[in-house]
Amino acid sequence: MAYQRKAEHLMQDENCFKLMFIHSRDQVQLTIELLDTEEENSDDPVEAERWTDYVDRYVNSDSTSPELREQLAQKPVFLPRNLRRIRKCQRGREQQEKEGKEGNSKKPLDSVESLDKLECKFKLNSYKMVYVIKSEDYMYRRTALLRAHQSHERVSKRLHQKFQAWVDAWTKEHVTREMAAETNKWLMGEGLEGLLPCTTTCDAEDLHFVSINKYRVKYSTIFKTP
């Protein structure tokens, strides 16, 4: 046990595993246990200062060092498209704050419901952040559902056109006319052996403002299962 305590103290910032070999008759079993090396929060002023500095760096992105910025540019840990969306939202928020300071939008946000009660705790020794149970943040705009219904058709068509353009470009490069014809015959059940007698129909329908092909198969009544 003393050896284990020394190992936990030396590896308090790393994952520490305990391996045990259990010999029973002619068999040997190996067990692996992950030890809890986290210690309780300390009142050491040095640790408290490090913790304060860590929190300041966590909530303030402007304090990022040039070395870290260069490393993130080479190997980003986030998707570029998400970063662009976040920056776009930040610019919009900054613009709203600017207009509010200039007196152009002094009306309160009566149409917005929000709750700011999310809490988190930091472990002093490990600097891990843990969210407090039953604490949350949310913001809801009462007109959001109505605006979503109004823009649903426009957004659906735009996304479908974008996806269809990608499909057409890929098909033009990788699919020949013969392959397309064989695929259509397979969907219609034509030229295939070993199939039960059936009739396949293809009807065009509209689904979410987009025209789709819906295939229906009708089998002969004499082959129905009891």
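A residue is called buried here when its relative accessible area is under 20%. With that cut-off in hand, let us walk through this predicted model, starting with a residue that meets it. Ser156 has a relative accessible area of 17%, so it counts as buried. You will find Ser156 in helix 5, which covers residues 144–174. Beyond its neighbours within four places in sequence, Ser156 touches His208 and Phe209. Across the protein chain, buried residues make up 8% of the 226 residues.

Now step back to the whole fold. The protein chain has six helices and eight strands, and reading from the N terminus their order is α-β-β-α-α-α-β-β-β-β-α-α-β-β. Of the contacts with a separation of 6 or more, 38% are between residues 24 or more positions apart. The chain exposes about 21,000 Å², and 54% of that comes from carbon and sulfur atoms.

Strand 1 (16–24) and strand 2 (27–35) each contribute at least two of its residues, and strand 2 gives the most, with four.

Side chains of opposite charge can pair when their charged atoms come close. Glu33 and Lys18 form a salt bridge, at 3.5 Å from N to O. Glu33 sits in strand 2 and Lys18 in strand 1, 15 residues apart. Glu33 is partly exposed, at 39% relative accessibility, and Lys18 is partly exposed too, at 25%.

The model has five salt bridges by the rule used, and others are worth a visit. Arg142 pairs with Glu113 at 3.2 Å, N to O. This pair connects the loop between strand 6 (137–141) and helix 5, where Arg142 lies, to strand 3 (residues 112–116), which holds Glu113, across 29 residues. Further along, Arg216 bridges to Asp203, with the closest N and O atoms 3.1 Å apart. Here Arg216 belongs to strand 8 (residues 210–219) and Asp203 to strand 7 (residues 198–207), 13 residues apart. Glu205 joins in as well: Asp203, Glu205 and Arg216 are linked in a network of salt bridges.

Finally, a look at the cysteines. The disulfide count is zero. Cys120 is partly exposed, at 36% relative accessibility, and Cys198 is partly exposed at 33%.

Key
Residues are numbered from 1 along each chain as its sequence is written. This is a predicted model: local features need pLDDT of at least 70, side-chain atom pairs count only at pLDDT 80 or more; totals for chains, interfaces and linings use all residues. Side-chain values use heavy atoms; hydrogens and water are left out. Buried means under 20% relative accessible area, exposed over 50%, partly exposed in between (1.4 Å probe, protein chains only). Contact means heavy atoms within 4.5 Å. Accessible areas come from the Shrake-Rupley method with a 1.4 Å probe; for residues, only the protein chains shown count as cover. A disulfide is a pair of cysteine sulfur atoms within 2.5 Å. A salt bridge is a side-chain nitrogen of Lys or Arg within 4 Å of a carboxyl oxygen of Asp or Glu.
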